[in-house]
Number of protein chains: 2
Amino acid sequence: MQIAIVLFDGFTALDAVGPYEPLEHLPGAEIVFVAEEAGPVRAHTGHLALTADRTLAEVTRPDVVVVPGGPGQTPQMGNGRLLEWLREADTASTWTTSVCTGSLLLAAAGLLAGRRATTHWLGLDTLAAFGAEPAGERVVFDGKYVTAAGVSSGIDMGLALLGRIAGDEQAQLAQLILEYAPEPPYDAGSPHTAPAHLVERLRTRSRFTPAG
Amino acid sequence: MQIAIVLFDGFTALDAVGPYEPLEHLPGAEIVFVAEEAGPVRAHTGHLALTADRTLAEVTRPDVVVVPGGPGQTPQMGNGRLLEWLREADTASTWTTSVCTGSLLLAAAGLLAGRRATTHWLGLDTLAAFGAEPAGERVVFDGKYVTAAGVSSGIDMGLALLGRIAGDEQAQLAQLILEYAPEPPYDAGSPHTAPAHLVERLRTRSRFTPAG
């Protein structure tokens, strides 16, 4: 089973690495990082680059597509080559997935119209504008389409997807290896629980360019 | 404030990216990925490389040192150049930190003797053999030494450290941006909650080379 994780300038690193880490525990899986050009691809802060080992043109029929988001996602919504690749890959994929604002790229490619989906909480209105039905869950399955909320939710998505593909026990094993028993030091990870003035500050600052 | 995240062949990607992502929300911070040689450094699965932008020799006095773990950590415990760099960097650091079996490298460098610390649950005995006092918490502060448990705990560590450095509000803002309100699909992230046969399988398979 081939899993393609798509990189582009300005992606958010944890969006990509979050699902990658549990999916590496899928027996026999080949995970390949892809981008328009092979080589290092910078995350949005500029301080980190992940290597794309293959070009989009070289990986045309992955079984699983994973699309991260990030501030760099906005210009990609007008990148016809990438959107065409997503549409083509989707015709053959078993699972088409995203983390954070990666779902806005799937939506821009026309793949989420009429489907239940999610994205970073700052991007839900944009998702709706593409005809998707924003859902309140952290990980949303709608047929073969799996979308996750902001940034860190990709870990939950990766484990849930691993469970669907390889069974609950394999996913539990991965969770144990990753010691994923989270203990956030604050209760500020959702706009429903974070201090209201912080939610408002982010809404004002970055309605259409969420950080994840 | 300069934050150096140390890479070596066979590290676990989430160990490094977990703390990186929240620490990127430290105002004015420069995060630099370092390794013995600059260039792409492969994570333990071989499917992903992160770029080390600077060599260890070029970054000698970071304010914060972050050491990830991973299966590749075991041979590094005999890497005198790396251990010497850790000791030198520690003489000037404000915070010396690790994720997963990265603490075994700190311990091998002689930095954790007599200190409360933690590591991946499979590595706690090894940590004790270096004279550290294994603690049961997910993130352990002992003075300027901050160690985290397995793999995914680096996110919790990064947020907690951000809070100590920049204040609770900045850390809450980062948590909200990262939408870190985790919902693991299983309750198997700790040896205390995972199915016993899976815990036993991992203990048998990899006592001294945990995957994280």
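What rotation, with what shift along its axis, superposes chain A on chain B? The rotation is 180 degrees, the shift is 0.0 Å, and the RMSD is 0.0 Å. This is therefore the relation of a two-fold axis. The superposition is by least squares on the C-alpha atoms of residues with pLDDT of at least 70 in both copies.

This is a predicted model: local features need pLDDT of at least 70, side-chain atom pairs count only at pLDDT 80 or more, and totals for chains, interfaces and linings use all residues. Residues are numbered from 1 along each chain as its sequence is written, while chains are lettered from A and ligands numbered from 1 in the order in which they are written.

- In chain A, the C-alpha of Leu50(A) is nearest the axis, 2.3 Å from it.
- The same surface serves both copies, as 100% of the contact residues of chain A recur in chain B.

**Interface**
- 57 residues of chain A are in contact (C-beta atoms, placed from the backbone, within 7 Å) with 57 residues of chain B.
- H7(A) gives the most to the side of chain A that touches chain B: seven residues.
- That side of chain A has 36 nonpolar residues (Ala, Val, Leu, Ile, Met, Phe, Trp, Tyr, Cys and Pro), seven charged (Asp, Glu, Lys and Arg) and 14 polar (the others, Gly among them).
- Helices (H or I, at least four residues) are DSSP runs, numbered from the N terminus.

**Around Leu7(A)**
- Leaving aside neighbours within four places in sequence, Leu7(A) is in contact with residues including Phe33(A), Val41(A) and Leu50(A).

How values were computed: Contact = placed C-beta atoms within 7 Å. Helix = DSSP H or I, 4+ residues; strand = E, 2+ residues; numbered from the N terminus.
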